[in-house]
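Okay, quick one from me today.

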Amino acid sequence: MNYDLEDTIIAVSSPPGPGGIGIIRLSGTEALKIANRIFISVHESPVLNPRKMCFGHLVDLESGDKLDSGFICYFPS
């Protein structure tokens, strides 16, 4: 399979085994757009503040149900 450097990808970034937190990396040209659809800030603002941690909830796109809580941090290229 061929991948382009412009592809948007998601990958587990935490080390294997048990741990207190899980880290997921979302990278690529569509990353911010996707993050703003699946992550709802408790402050009800979009994830637009670069390099600032933001607490909120991951949500199911179809039902709107909260799946998990956590932090998101946006690093523009």
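So, strand S4, residues 54-59, is joined to S5 by six bridges, and the two run antiparallel. Strands here are DSSP E runs of at least two residues, helices are H or I runs of at least four, and both are numbered from the N terminus; two strands pair if DSSP finds at least two bridges between them. Along that pairing, Cys54 sits opposite Ile72 in S5.

Before I go on: this is a predicted model, where local features need pLDDT of at least 70, side-chain atom pairs count only at pLDDT 80 or more, and totals for chains, interfaces and linings use all residues. Numbering starts from 1 along each chain as its sequence is written, and side-chain values use heavy atoms, with hydrogens and water left out.

Zooming out, the sheet is open, with three strands in the order S3-S4-S5 and antiparallel pairing. S3 (39-41) and S5 (66-72) are the edge strands, each pairing on one side only. From one strand to the next, the twist averages 35°; axes are lines fitted to C-alpha atoms, for helices over the stretch in contact, and angles run from 0 to 180 degrees between N-to-C directions. Helix H1, residues 31-38, lies across S3, S4 and S5, at about 70° to S3.

Now, back in S4, look at His57. Is His57 buried or exposed? His57 counts as buried, because its relative accessibility is 16% (buried is under 20% relative accessible area, exposed over 50%, partly exposed in between, with a 1.4 Å probe and protein chains only). Leaving out residues up to four places away in sequence, His57 touches several residues, including Phe39, Ile40 and Asp68, where contact means heavy atoms within 4.5 Å.
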